[in-house]
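Here's a quick tour of a protein fold for anyone just starting out. Take a look at the sequence and the 3D view, then read on.

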Amino acid sequence: RAEDPLSWWQFEGEPDAARALLDTRGDGAFIITMAPESPAAYRLSYRFRGKTYDELIVRTLERKMFEQGFQLMNLNTKTFVNLHTLVAYFSERPQAPLLCALRVTIDPPRQEPPALAQRALRTASNFMSTNA
């Protein structure tokens, strides 16, 4: 039976409830939510071989060592200008640290919700200023 399309853009509601949407999905199905463990981060949850795996996505500010954008916490050598380019990169083929390629069934809007972007940027700025 074919799966219903699923938008990976899951910022409304509770992150753990959104994560439960993956329970019946096949390999490569994924969502991105706000990370409950960090107000300045996102959580990429994806399915592989019947299990759901999580990767933290952090937002970087432009500094001497980093470009502004998004990075997987476990792959801080590659920065993406937005979440769409991160998803496109990991949708092409299986690439570490992910165990499989991401599978896009519905492409969400090309723009972050303004409140979400402002919240993440404000939190990241506060974090950077206290840890500089």
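What follows goes from the whole chain down to single residues.

Keep in mind that this is a predicted model. The protein chain has three helices and five strands, and from the N terminus on they come in the order α-β-β-β-β-β-α-α. Put simply, the five strands make an open sheet, and helix 2 packs on that sheet.

**The chain as a whole**
- The protein chain has 132 residues, and 43% of them count as buried.
- Its accessible surface comes to about 7,600 Å², with 52% of that belonging to carbon and sulfur atoms.
- Take the contacts between residues at least 6 apart in sequence: 41% of them join residues at least 24 apart.

- Reading across the open sheet, the strands go 1-2-3-4-5, and the pairing is antiparallel.
- Which strands sit at the edges? Strand 1 and strand 5 do, since each of these pairs on one side only.
- Neighbouring strands in the sheet are turned by 30° against each other on average, if you ignore direction.
- Here's a handy rule for looking at any sheet: in a regular strand, side chains alternate between the two faces.

**Strand 1, strand 2 and the loop between them**
- Strand 1 (30–34) and strand 2 (41–48) are joined by a hairpin that goes through six residues.
- These two strands pair in the antiparallel sense over five bridges, and I31 stands opposite S45 in strand 2.
- Strand 1 is mostly covered, with five of its five residues buried.
- A40 is found in the loop between strand 1 and strand 2.
- Is A40 buried or exposed? Its relative accessibility is 13%, so A40 counts as buried, the cut-off for buried being under 20%.
- A40 and V58 are 18 residues apart along the chain, while their C-alpha atoms are separated by 6.9 Å.

**Strand 4, strand 5 and F80**
- Strand 4 and strand 5 run antiparallel and are joined by two bridges.
- F80 has its place in strand 5, and F70 stands opposite F80.
- F80 is buried because its relative accessible area is 5%, and buried means under 20%.
- What does F80 touch, leaving aside its neighbours within four places in sequence? F80 is in contact with G69, F70, T85, L86, Y89 and F90.
- Between F80 and T60 there are 9.6 Å, C-alpha to C-alpha, and the two are 20 residues apart in sequence.

- Helix 2 covers residues 83–92, and its buried residues include L83, H84, L86, V87 and F90.
- Why do these buried residues line one face of the helix? Seen down the axis of helix 2, they fall within an arc of 160°, so one face is where they end up.
- The general idea behind such a pattern is that an α-helix has 3.6 residues a turn, so residues three or four places apart point the same way.
- What covers the buried residues of helix 2 includes strand 1, strand 2, strand 3 (51–60), strand 4 (69–72) and strand 5 (75–80).
- Helix 2 touches each of those strands as it packs on the sheet, and its direction makes about 115° with that of strand 5.
- At the start of helix 2, a side-chain oxygen of N82 comes to within 3.1 Å of the backbone nitrogen of H84.

Methods:
Residues numbered from 1 in each chain as written. Predicted model: local features only at pLDDT ≥ 70, side-chain atom pairs only at ≥ 80, totals over all residues. Heavy atoms only, no water. Helix = DSSP H or I, 4+ residues; strand = E, 2+ residues; numbered from the N terminus. Buried < 20%, exposed > 50% of the residue type's maximum accessible area, 1.4 Å probe, protein only. Contact = heavy atoms within 4.5 Å. Areas by Shrake-Rupley, 256 points an atom, 1.4 Å probe, with all protein chains shown as cover. Arc of directions from axis to C-beta. Polar contact = N/O pair within 3.5 Å; in protein donor to acceptor, adjacent residues only side chain to side chain. Pairing = 2+ DSSP bridges. Axes fitted to C-alpha atoms, helices over the stretch in contact; angles between N-to-C directions.
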